[in-house]
Amino acid sequence: MLAAERQRWIMDLLARESSVRVVELAKHLQVSGETIRRDLEVLESQGLLRRVYGGAVTDAKETARLYQDREVHRTAEKQAIGRLAATLVQDGDTLFIDVGTTALAFANCLAGKERLTVVTPSLLAANRLKQSTDARVILTGGDLQSDEPYLTGYLAEEALSQFHADRAFIATGGISFDRGLTDYNDFEVRVRKRMMASASQVVVLADTSKIGVRAFSVIGELTAMDVLVTDDAIHDSVRNRLVEMGIEVMIAPTRSATRLS
């Protein structure tokens with residue numbers, strides 16, 4: 001796992017737990033304590049946490065910044081992915097829309113679609129849809145998370161089991177050929193699994209920074225997705241391998257100068 005991936009995992013865990021310990025992080029991430037301490041030093045230098053004896057802590061103000069930080073990361077790619085994914089939606093469709101910044105970018109692109117029914121655990125996506133469309137919007141219910149405005153838990157999962165969607169638009173923290181679809185938050189993962197199980201088509205929205213990443217919790221095998229919508233930095237070999245697995249790959253043009261190798 002690359003340093004950036006470890007640090008992202010640490011911050012996601014810190015957002016949920018408010019404190020982390022070096023020993024536990026080293027065990028989970030299978031690296032040395034010294035490596036974890038260097039990661040914490042980097043994150044502290046960015047103002048994202050405060051190191052304490054044996055670990056690190058954050059406060060509510062710092063945690064609340066995390067979503068805003070991600071919202072401005074790779075914005076052009078997320079917007080392009082959202083626009084392209086919206087072309088899959090037909091008037092009258094029933095949709096599941098996931099949480100996260102890429103899913104929110106997709107929700108922003110549904111203006112002009114008519115007679116949609118949308119079920120989502122995301123308060124932000126629900127609010128955007130009510131402002132820009134005539135969609136019937138159903139919130140799942142569940143436990144409101146402190147770090148981001150979305151719902152998880154038994155009630156969210158149970159609500160999703162009562163519906164069927166034409167398409168589920170799913171976010172993910174990692175896509176890899178050995179671990180499949182993964183994410184850092186196991187609470188979100190359980191909700192995503194329920195969405196995927198209750199939809200005719202599963203569309204994964206992920207920019208190419210997620211490809212090759214192995215996050216903490218497994219969502220499912222790569223073949224659990226029917227369509228991947230990503231940006232044009234995807235390497236041809238990755239795209240071809242996914243297509244060989246029966247997965248449709250839709251590439252959003254972003255004029256990215258960076259190519260994955």
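Two strands pair if DSSP finds at least two bridges between them. Keep that in mind, and let's start clicking. What you have open is a predicted model, where local features need pLDDT of at least 70 and side-chain atom pairs count only at pLDDT 80 or more, while totals for chains, interfaces and linings use all residues. Residues are numbered from 1 along each chain as its sequence is written, and side-chain values use heavy atoms, with hydrogens and water left out.

**Stop 1**

Select residues 117-120, strand S5, and residues 136-139, strand S6: they pair in the parallel sense over 4 bridges. (Helices, H or I with at least four residues, and strands, E with at least two, are DSSP runs numbered from the N terminus.) Now pick Val 118; opposite it, in S6, stands Val 137.

**Stop 1: Ser 122**

Next, click Ser 122, in the loop between S5 and H7. Is Ser 122 buried or exposed? It counts as buried, at 6% relative accessibility. (Buried is under 20% relative accessible area, exposed is over 50%, and partly exposed is in between, using a 1.4 Å probe and protein chains only.) Leaving aside neighbours within four places in sequence, Ser 122 is in contact with Asp 98, Val 99, Leu 139, Pro 149 and Tyr 150; contact means heavy atoms within 4.5 Å.

**Stop 2: a pair of rings**

The structure holds 1 aromatic pair. Show Phe 106 and Phe 169: their ring centres are 4.1 Å apart and their planes sit at 25°, so the pair is stacked. Phe 106 is in helix H6 (residues 101-108) and Phe 169 is in strand S9 (residues 165-171), so the pair links distant parts of the chain, 63 residues apart. (Rings of Phe, Tyr and Trp, its six-membered ring, pair if their centres lie within 6.5 Å; planes under 30 degrees apart count as stacked, over 60 as edge-to-face and the rest as tilted.) Phe 106 is buried at 0% relative accessible area, and Phe 169 is buried at 0% too.

**Stop 3: two loop residues**

Finally, select Gln 30, in the loop between helix H2 (22-29) and helix H3 (33-45). Gln 30 has a positive phi of about 60° although it is not a glycine, and counts as exposed at 73% relative accessibility. Then try Arg 115, in the loop between H6 and S5. Its phi is positive, near 55°, and Arg 115 is exposed, with a relative accessible area of 52%.
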